[in-house]
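Work through each task before reading its solution.

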Amino acid sequence: MLFIPRILKDIALIFTANGKLIFLVGGAVRDMLRGEKARDFDLATDATPEEVAAMFHALGRGAKRSAVIPTGVKHGTVTVHFKGEAFEITTFRTEADYNDGRHPERVAYAATIEEDLSRRDFTMNAIAVELPKGRVVDPFNGRADLQNRVIRCVGSPRERFGEDGLRSLRCVRFASQLGFSIDNETLAAIPQTLSITAKVAAERKRDELDKIIGSGKPSTGFSLMEQTGLLLELLPELAACRDIEQKGGHRFDVLDHLLLACDFAAEKGWSHEVRLAALFHDIGKPVVCAMNEFGVRTFYRHERESAAMAKNILSRFRYPNAVIDAVVHLIEEHMFQYTEDWSDAAVRRFVVRVGEARLPNLYKLRHADAFGTAGEPPRPDFLIPLMDRVRRVLDGKKALSLKDLAISGDDIIGLGVRPGPRIGIILGELLDAVLDDPELNAKEKLLEIAGKMKDRA
Ligand code: ATP
Ligand code: MG
């Protein structure tokens, strides 16, 4: 018997008092049956959205803390805020929202919970629990599949994936998140419906990719994508990394290298940005790949090509600009080769180029990169010599940006330079000089240098 949280019983009593049925459905049921904590509660009812709204309004003062928001009335959904929690409540439906770019958005109400469950994607997602008592409604044997850790379509996989191209991607996403296998017939239908997946809006695909990348072992999802053709459809640049062999300590082809790096970042619980950078950091290698005179493959300037391609991919999936900038910057900078003979000026330039705030993520990316190269964790201290040097530079409080300079734009204007872009150029050159020799960061000295620059112009 499932344990039903108090708050679900409370909300359910409002429905039963009004003669309506109310079921817990979707991910919450799946997660509770797996013995995991449910995150968000989706409820299904035979009451229409208008009836739901009326029930909660009728509660009056006593339930002051409840509110009904018409979040998706055209899909039959309202969000109810009740005792500090939010519930998505959807009237029984016959149709899912098709994601095939062909069907108009529409909603048709269903009479029974069984009918509602039959429109859902996978058997494990098509189990309902009647509230408040906890009777389980499981017409497609979802519990058996959960027990066996199998993802299986409700009904004909070919038809279900053909109706909605997002479902095949959800299928591999769930496999990656849950570590479940995919039933053979369900798996076999994915390559047959790629043209439907192609029509799905970029944002919807991105949300699934994000969940794969956010899973404990993203390579599970990406390998399934490769196997089914989804990778070639969505991320052809990544698919092209298969069989690009590399030398120099590399044990894997470029694709496996990238997947291992991404897995390492996931295993460490690192941020999405680091995971994305790990996944794409060498994606330009197939493009820049060349043969040198010794017959050895080279990948000169691959970080530049990889950064440009990552930018393109992330924009295609409509990632926010802040994410794109951060990931692209990490990829551009990932090839630093620190040796002890770097001068302090070189360390300062490195810090300025990367940006202090972004250093921790760059270190993480290099750890992930090293893991993907060797297939085993790098020595935890392998970046310590550089990190120590950087720390010393930062502690030294030397000028690292224009605002740290001992003079400002106004001082340059004071020298008789007319306000305009020239001021910025001069300040930039002064910072360059100060990065080389911090002793120069004094007002008189900088004014003197600036004076010469001015005359030179
Ligand atoms: P999670 O919230 O962890 O992503 P979930 O199963 O709750 O998993 P939602 O996208 O929140 O996924 O959807 C809730 C439920 O709605 C699913 O469990 C499933 O029953 C149904 N569903 C969602 N998307 C589809 C779809 N594209 N086709 C058919 N049914 C769907
Ligand atoms: Mg959900």
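**Exercise 1.** Find which side chains make polar contacts with ligand 1, and describe the shell around it.

*Solution.* Begin with Arg 170, where an N or O atom of the side chain lies 3.0 Å from an oxygen atom of ligand 1; a polar contact is a pair of N or O atoms within 3.5 Å. Next, the side chain of Arg 167 has an N or O atom 2.7 Å from a nitrogen atom of the ligand, and that of Arg 120 has one 3.1 Å from an oxygen atom of ligand 1. On its own ligand 1 has 580 Å² of accessible area (Shrake-Rupley method, 1.4 Å probe), and the protein covers 81% of it.

Then assign the shell to elements: helix 2 (27-33) and helix 7 (166-178) are those that give two or more residues, with helix 7 giving the most, four residues. Helices are DSSP runs of H or I with at least four residues, strands are runs of E with at least two, and both are numbered from the N terminus. Of the 15 residues around the ligand (a heavy atom within 4 Å), Arg 30, Asn 125, Asp 164, Arg 167 and Arg 173 come nearest.

The model is predicted, with local features requiring pLDDT of at least 70 and side-chain atom pairs pLDDT 80 or more, while totals for chains, interfaces and linings use all residues. Residues are numbered from 1 along each chain as its sequence is written, chains are lettered from A and ligands numbered from 1 in the order written, and side-chain values use heavy atoms, without hydrogens and water.

**Exercise 2.** Work out the strand order of the open sheet and identify its edge strands.

*Solution.* Taking strands as paired if DSSP finds at least two bridges between them, the order of the seven strands is 3-4-5-2-1-6-7, with mixed pairing. Strand 3 (67-72) and strand 7 (135-137) each pair on one side only, and these are the edges. Within the sheet, strand 1 (residues 22-25) and strand 2 (residues 41-45) run antiparallel and are joined by four bridges, and Phe 23 has Ala 44 in strand 2 as its bridge partner.

Technical notes. A polar contact is a pair of N or O atoms within 3.5 Å; within protein, one must be able to donate a hydrogen and the other to accept it, and residues adjacent in sequence count only if both atoms are side-chain atoms. Ala, Val, Leu, Ile, Met, Phe, Trp, Tyr, Cys and Pro count as nonpolar, Asp, Glu, Lys and Arg as charged, and the others, Gly among them, as polar.
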